[in-house]
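Please work through the exercises below with the sequence and the model open side by side. Each task is followed by a solution that goes step by step.

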Amino acid sequence: MDGHKVPPEMVIEVGKKFESLLEEAKQLRNEYDDDMSVSKAFTLVLKQRPDLRLEGLAYKVLQWYICRMEGWFAADADKISLHCIDEEELLEGGHGLMINGYSPVISALADGLDIRLNHRVKRIIWKMGAVQVHTDSGKVFKADAAVITVPLGVLKEKLIKFEPKLPEWKEAAISDLAMGNENKIALFFDNVFWPNVEFLGVVAPSSYGCSYFLNLHKATGHPVLIYMPAGSLADDIEKLSDEEAAGFAVLQLKRILPNAKDPIHFLVSHWGTDINCLGCYSYDAVGKPHDLYSRMRSPVDNLFFAGEATSDNFPGTVHGAFATGLIAAEACRRYLMDSFSHLALFQPVMAEMSPAKKLPLRISRM
C-alpha cells in the first residue's frame with residue numbers, strides 16, 4: 001500500500017499460512033454434519049490454532065489471499081460452501097492468455113453451421129415429442145429436441161418461460177445453485193509505468209478492500225491493466241457509471257503506485273446486470289445439496305442442458321461448458337435415434353424400389 005512493496009518472503013510465508021488455514025478448515029467437515037461458510041470455518045480454525053493468527057501487514061496479506069479465493073468462486077467467503085470447496089478439478093499445465101479472445105475458436109467451431117443471431121428466446125414449449133422456441137420478435141423455431149445452454153442467471157430469473165413448467169427437481173436445482181459475479185475493468189494507458197510482473201496486488205484490512213490488476217502488457221505488448229473485482233465488491237461497482245467504475249479502479253491503482261497516470265481509454269464489464277447472463281459463473285452456496293451440477297445437466301424429456309453450471313468437475317470454466325456441450329449433443333443424438341428408429345425401416349425398402357414402382361406413403365402425424 002501507498003507505494004510500498006510487501007516483502008516477497010512475507011508473501012510466501014503468509015501463503016503457507018493460508019494453505020494451512022484452508023486445510024484445517026476442510027477438516028472441520030469431519031466434525032460438523034451441517035455445512036458452513038468458508039469464512040465461518042476460518043473463524044473456528046483460528047480459535048483452535050492461535051499459531052495461524054496474523055497481525056499487522058501479514059494479516060492484510062492474508063486478506064489478499066482470501067480475496068483471490070473469492071475471485072476464483074466469484075463470491076464472498078461467507079457465501080461459499082465449505083463442503084464443496086474442493087470438488088472442482090484443476091487441469092494440469094500453466095496458464096495461457098488468448099490475446100485475440102475466444103472469437104477465433106468460436107468461429108472455427110461454428111464453421112458450416114446454421115446459426116441465427118439476435119433472437120431473444122422468451123418461451124419454450126415442449127410437449128408431444130416436439131419443441132417450439134418462441135422469440136420476442138414473434139419468430140418461432142420448431143424442432144424435435146433442444147439443447148439449453150443459456151447462463152444459470154437467466155434461468156434463475158425465469159426470463160425464459162417453459163411450457164409446461166420444468167419438473168420440480170430441475171427448478172429446485174436452478175434455484176439452489178448460486179450464481180457469482182466477477183467483473184473486469186480494462187484500463188488503457190499511453191505508456192507503461194508499472195513493473196513487469198504478471199499482476200499487481202493491493203492488500204487491505206479486509207478482503208473487500210483488496211484487489212488485483214492483471215498486467216496485459218507482459219503478454220500482449222499493449223499498455224493495459226485489468227482490474228478484477230469479485231463478489232459483493234463487483235456487485236457494488238456495477239451500481240456505478242462506467243466513468244465512476246474506472247475512476248474507482250484507478251484509485252486502487254494509485255494506492256500501490258502513487259504516481260500512476262489516468263487511463264486514456266477504459267472498458268467496463270457488467271456481468272451481474274447484463275440481461276444476457278445475470279452473473280459470471282456458478283458456485284456452491286452454503287447448505288445446499290451437493291448434486292446440483294448433475295441435476296442441472298440431467299435432461300428433461302427432449303430438453304437437454306449444457307454449460308458451465310452443468311459441469312461437476314469444471315464449473316465456471318470454458319472447458320467445462322464445452323465438455324458438457326458434447327455430452328448434451330450426444331445425449332440428444334441418442335434420443336433422436338431411439339425416438340425415430342422406426343423410420344429406418346422404410347429406408348431399405350425405398351432404396352430397392354425402382355422409380356416406376358414408387359408407392360405413396362401415408363405418414364401419420366405424431
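**Exercise 1. Locate Ser81, and decide whether Ser81 is buried or exposed.**

Solution. Ser81 belongs to the loop between α3 and α4, where helices (H or I, at least four residues) and strands (E, at least two) are DSSP runs numbered from the N terminus. The model is a predicted one, in which local features need pLDDT of at least 70 and side-chain atom pairs count only at pLDDT 80 or more, while totals for chains, interfaces and linings use all residues. Residues are numbered from 1 along each chain as its sequence is written, and side-chain values use heavy atoms, with hydrogens and water left out.

Next, consider accessibility, for which buried means under 20% relative accessible area, exposed over 50%, and partly exposed in between (1.4 Å probe, protein chains only). Ser81 counts as buried because its relative accessible area is 1%.

Finally, look at the surroundings, taking contact to mean heavy atoms within 4.5 Å. Leaving aside neighbours within four places in sequence, Ser81 is in contact with Asp35, Met36, Val38, Asp284, Ala285 and Val286. Ser81 and Asp35 are 46 residues apart along the chain, yet their C-alpha atoms are separated by 6.8 Å.

**Exercise 2. Find which residue forms a salt bridge with Asp86, and then examine the pair formed by Asp176 and Lys288.**

Solution. Begin with the rule: a salt bridge is a side-chain nitrogen of Lys or Arg within 4 Å of a carboxyl oxygen of Asp or Glu. By this rule the count comes to 14 salt bridges.

The partner of Asp86 is Arg29, with an N to O distance of 3.0 Å. This pair links distant parts of the chain, since Asp86 sits in the loop between α3 and α4 and Arg29 in the loop between α1 and α2, 57 residues apart. Asp86 is partly exposed because its relative accessibility is 36%, and Arg29 is likewise partly exposed, at 24%.

In the second pair, the side chains of Asp176 and Lys288 meet at 3.7 Å, N to O. Here too distant parts of the chain are linked, with Asp176 in helix α6 (residues 168-176) and Lys288 in the loop between β12 (282-283) and α10, 112 residues apart. Asp176 counts as buried because its relative accessibility is 18%, whereas Lys288, at 33%, is partly exposed.

To complete the solution, note that Glu24, Arg49 and Asp51 are linked in a network of salt bridges.

**Exercise 3. Describe how strands β2 and β3 are arranged.**

Solution. Two strands pair if DSSP finds at least two bridges between them. Strand β2 (residues 130-135) and strand β3 (residues 140-143) pair in the antiparallel sense over four bridges, and Gln132 has Lys142 in β3 as its bridge partner. The two strands form a hairpin with four residues between them, and in the turn Gly138 has a positive phi of about 95°.
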